[in-house]
Amino acid sequence: MSDSPVHYFGIRHHGPGCARSLGRALEALQPDCVLVEGPPDADALLPFVLQAGLRPPVALLVHGADDSERAAFYPFAEFSPEWQALRFGLAAGLPTRFIDLPQAIRFAQDKLADEADKDDVGPSESAPPEGESPDTGASGARLPDLQHYDPMDALAEAAGFSDGESWWNHLVEERGDSEDLFVAIAEAMTAIRAEWPTAMRGERHALREEQREAHMRQCVREAIKAGHTRIAVVCGAWHVPALRTEHTAKADAALLKGLPKAKVNATWVPWTYRHLTSASGYGAGIDSPGWYDFLWRGGQGSAGRAGGWLARVARLLRDNSLDCSSAHVIEATRLADTLSALRGRAAPGLVELDEAVCSVMCLGDPAALLLIRRELTVGDRMGEVPPEVPAVPLQRDIDQTQKSLRLKPEALQKTLELDLRQPNDLARSRMLHRLSLLDIGWGALARGSRQGRGTFRETWQLQWQPEFALRIIEASRFGSTLEQAAGARVVEWCAGISRLDELAGLVDSVLLADLGDSVRLLSEALQARAAITGDALQLIAAVPPLANVFRYGSVRQTDSGLLAQVLDGLIARGAIGLPLACQALDETAAQALRDPLLAANEAIGLRESAEQTEVWRLALRQIASGDAPHALLRGLCCRLLLDAAASSTDEIATWLSRALSAGVDPLDAALWLDGFLNRNAMVLLHDTTLWRLIDDWLTGLSDAHFLQVVPLVRRSFAAFSNAERRDLGQRAARGSAAAPAVEAVAGLDAARAAKPLPTLRLLLGLPA
């Protein structure tokens, strides 16, 4: 045991081996003070570490009091060395605190740096020291590009490993049986820091690191001054040489003098194993938190490690309907043990176990390893935080709502089916839609599901993310309850939206979230914008979302009557301006207008208002019969009138003959036909009238005109599938006489045919 009052324990983020070794070392040392690298801004939250309600993985969240966008997370797993050090010190009643540079200083520095970077191209970089090239160390040894390089990678390369993570995992985390581990770590870090060219990291990063280490040394001096004689300092392995080197208190004070500070708040938030991984973007992430959890809970010893892990793998494969017998487990265990012996390892590691699983259990197919990695190697564990932890009022309201609705946040993705006729499910739907308005995407409506439109059901995919805690803090400026915050967010959006169709799209979201006051606000905003908007395209684009509210609002027990006057006004104004908007367009603009026009036509049908339908059909008739509108849109409007039986067959035939006559440009004729067919071969196959109109036109063409039109007609038919084109060819071969009109069925019992209609309306979500 060293005679120095300070004992340094260098660690590398999370790992069971390092945590076990640290626990043994602390037991042997019996310190009277524990200092841990972490944010001093959160010292007041340390007593929660011993509470049973705080179950890792969890994270300390430190965020700006006035600028919640600036935030930092400090995650902890049960096998994190820092977590074990905190629990050891607090359980023993020892002075325990964090010693890193406070986030109050870091946030203020970042803000000043961001402001400076607005005028500069980028942070300045210092030149390498004299006699040292940018890519070599003091000894002249060649080093790789260090801008985003892990110092452990240099040691791993020297030891024959591909990266620092696998090297550390093999030597430390899968062993963890030595109390002398930290002496070796300190020696290795001293050597690597001597070779590490600090100039490669830039002046700003190097200065920030010097300030961090100066603050740590100041905290150690304060502990010594307080009379502690056995001080345990748990910090990143990289910092150990700098903390052990003699530095004067005056020099450290000069580094820290005059640093800016910002107001910050801190709290505990739940975390997940998935967010502990490097793939999540967490800078100090690990590759396999689920594997580390297995090692921590009993898989550390060499005996039975392979069997215990492979038993979990076998259970997972069976649960997913993949064959895996006991013989597979036995053979895979033997192979893993053999591989570890050949490689000189005391026990199989994750690499050997994955190879054994792939070879024996998966028969060489690595596809199942993706499932194993997601469910076991990474895992889906999510931590818990007690309700006593300080939180913003909005967070408390969301927590209370989740409890009352029996919706527990989980890291694992799950499907939630809601029946909107049930009060509890309806309340769940409203909560999820309100969260979505606040950009808290806990739930997402499943694609292809019925989504509560024409039915009473919604299908949600739920998965809670730890970063939602920060979004809740950011959203708390809108209100202290979920309903207030969502409503205030809508008010802010409403003031910033300039397009009428975007504003109308927001109405549907507001009604789904049951924000009555916001509906009235949106109604007034829609009326004001519609009154000053002369763009017919915006007017008709705003019709579909509002029409959906009228058609399906009763499913959600919402009052859509507030928007009736607005919708009718949009239809009338859009219909008046639409014929003019369809003129002087090129083919690209006409194609872009096709889908909004179809959507508006369908939406006006949902409105079920004779007056508005007549106004709309009058606009379609003006476009179909005019010469100035684009040929594609004229053909489309003609087809819509035919489908709605709003024009006689003779009138449709007259328009078709005029559009496809010999005097019309072949390109215009093809575009008109494209709009008239409307990408729908089935209607052409089963509509005898439509078929005969096209057939009569084609058979009446002269030879010269036919040769001009055929390539363009083929273009119109190119959108049909191969099967549809084959059916069209077969029907053409049979001739028009083979397709007689459908005749009424003799002896039809109308009363009997009407009996299934109520059931069909219920299944389709139609009003009775």
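**Helices and aromatic contacts in the predicted model**

Helix α7 is followed by Gly227, whose phi is positive, near 100°. The structure is a predicted model, and the values given here are computed from it.

His215 is placed in helix α7. This histidine has a relative accessibility of 15% and therefore counts as buried, since buried means under 20%. When neighbours within four places in sequence are left aside, the contacts of His215 are Pro40, Ile99, Asp100, Leu101, Pro102 and Leu256.

Helix α24, formed by residues 587–607, was examined in the same way. At 1.5 Å a residue, its 21 residues should span 30 Å, and the end C-alpha atoms lie 31 Å apart, which agrees. The helix has a kink of about 25° at Arg594, shortly before the proline Pro596. Arg594 is also one of the buried residues of α24. Just after α24 comes Glu608, which takes a positive phi of about 55°.

A search of the whole structure finds 13 aromatic pairs. One of them joins Phe73 and Trp271, whose ring centres are 5.0 Å apart; the planes meet at 45°, so the pair is classed as tilted. This pair links distant parts of the chain, as its two residues are 198 residues apart. Phe73 belongs to strand β4 (residues 71–76), whereas Trp271 lies in the loop between β7 (264–270) and α10 (289–299). Phe73 counts as partly exposed because its relative accessibility is 25%, while Trp271, with a relative accessible area of 6%, is buried.

Phe76 and Trp83 form another tilted aromatic pair, with 6.1 Å from centre to centre and 45° between the planes. Both Phe76 and Trp83 are buried. Together with Trp268, Phe76 and Trp83 make up one aromatic cluster.

An aromatic ring also takes part in a contact with a charged group. The charged end of Arg20 sits over the ring of Trp296, at 4.9 Å from the centre of that ring.

How values were computed. Residues are numbered from 1 along each chain as its sequence is written. This is a predicted model: local features need pLDDT of at least 70, side-chain atom pairs count only at pLDDT 80 or more; totals for chains, interfaces and linings use all residues. Side-chain values use heavy atoms; hydrogens and water are left out. Rings of Phe, Tyr and Trp (its six-membered ring) pair if their centres lie within 6.5 Å; planes under 30 degrees apart count as stacked, over 60 as edge-to-face and the rest as tilted. Helices (H or I, at least four residues) and strands (E, at least two) are DSSP runs, numbered from the N terminus. Buried means under 20% relative accessible area, exposed over 50%, partly exposed in between (1.4 Å probe, protein chains only). A charge sits over a ring if NZ of Lys or CZ of Arg is within 6 Å of the ring centre and within 35 degrees of the ring normal. The expected span of a helix is 1.5 Å times one less than its number of residues. The bend at a residue is the angle between axes fitted to the seven residues ending there and the seven starting there. Contact means heavy atoms within 4.5 Å.
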